[in-house]
Amino acid sequence: MANYIVGDIQGCLDELQQLLKQAHFTPPKDTLWLAGDLVARGPKSLETLRFIKQLGGAAKAVLGNHDLHLLAVAQGIHPVKNKDKTLAIFEADDADELLSWIRQLPLLLEHPEFVLTHAGISPQWDLATARAAAQEVEQVLRSQRWSWLLANMYANTPDLWDEQLQGIDRYRYIINAFTRMRFCFSDGRLDMACKLPPAQVSEGDLMPWFTLPQRIPLEKTALFGHWAALEGYADEQVIGLDTGCVWGGPLTMLRWEDKQYFQQPALGKKF
């Protein structure tokens, strides 16, 4: 039995299937963990959702920012964008079933040795706080207030965690930390503007969330996707797996047990 963790799929189903074949992934014996952003920009978002859903318990996925945006589009909060290539999902006979399945996905998943989120874990959180924060938003997403939450999640503030935050401010910070975060300022505030590789950032006060000196250590390795410009990253505490398949890079997957990486080059032009 092996655990495989893969970066952002974003509708690149052909690459995912080739990657699983390369690694001899065998459900239900093996488990596939997905770092969110299952859809958008790639050519087969609908087929990707169907494939992952039919894996049942052999697949575990967290919500990414594109997945949340898909739900917002489904509610009419934002229009469908041609560049997202997600129209087929809304026109599908099983659209309601797929969207309901996405809405049940968590923001955080745990294994005895690692924790998986889309963008990372706020440097101000320990693991217990991260768990509780994820559950707060997940409960709202699964309630009658889910459309209200999606309609009000689009903002960059508040950018600093405070346990006293309430209502939409609290939910928005949690969503941004789990699904949009890349850089932080030295005081821990989230920066939502910069998407560059860290080596290209000239502002001395801006640093990747996982290198913040005062970041609260976690008891487990933190795995994440979201940040294609990192082109993969690994140290003793964090592992980034998004290598930008939808932008022409490879799709990357890690087998946890022996730390072997598998990569599948992008198949054809995406745009």
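1. Tyr4 counts as buried, at 3% relative accessibility. Here buried means under 20% relative accessible area, exposed means over 50%, and partly exposed lies in between (1.4 Å probe, protein chains only). Phe25 is buried too, at 12% relative accessibility.

2. A quick word on what you're looking at: this is a predicted model, in which local features need pLDDT of at least 70, side-chain atom pairs count only at pLDDT 80 or more, and totals for chains, interfaces and linings use all residues. Residues are numbered from 1 along each chain as its sequence is written, and side-chain values use heavy atoms, with hydrogens and water left out.

3. Back to the rings: how many aromatic pairs does the structure hold? There are 15. Rings of Phe, Tyr and Trp (its six-membered ring) pair if their centres lie within 6.5 Å; planes under 30 degrees apart are stacked, over 60 edge-to-face, and the rest tilted. Tyr4 and Phe25 make an edge-to-face pair, 6.0 Å centre to centre with 85° between the planes. Tyr4 lies in strand 1 (residues 3–6) and Phe25 in the loop between helix 1 (13–22) and strand 2 (31–34), so the pair ties together parts that are 21 residues apart in sequence. Helices (H or I, at least four residues) and strands (E, at least two) are DSSP runs, numbered from the N terminus.

4. Now try Trp209 and Phe210, another edge-to-face pair, at 5.3 Å centre to centre and 85° between the planes. Both Trp209 and Phe210 are buried. They belong to one aromatic cluster, together with Phe183, Phe224, Trp227 and Tyr233.

5. Two rings have a charge sitting over them: the charged end of Arg189 is 4.3 Å from the centre of the Phe185 ring, and that of Lys259 is 3.9 Å from the centre of the Trp256 ring. To count, NZ of Lys or CZ of Arg must be within 6 Å of the ring centre and within 35 degrees of the ring normal.

6. On a 1 Å grid over the protein atoms alone, a cavity is a set of points where a 1.4 Å probe fits but cannot get out, while a pocket is an open set with protein on both sides within 12 Å along at least five of seven lines; lining residues have an atom within 4 Å of a point. Grid points are joined across faces, edges and corners, and a volume is the space filled by probe spheres set on the points.

7. The largest pocket holds about 760 Å³ of space. Of the 32 residues lining that pocket, Arg41, Asn65, His66, Lys195 and His226 are the closest to its centre. Which elements give two or more residues to this lining? They are helix 3 and helix 8 (167–179), with the largest share, four residues, coming from helix 3.

8. The largest cavity has a volume of about 50 Å³. Its lining includes Val39, His66 and Phe90, and helix 3 (residues 65–74) gives the largest share, four residues.

9. Finally, Val238 is in strand 11 (residues 238–240) and counts as buried, at 0% relative accessibility. Its C-alpha atom is separated by 19 Å from that of Ile174, 64 residues apart along the chain.
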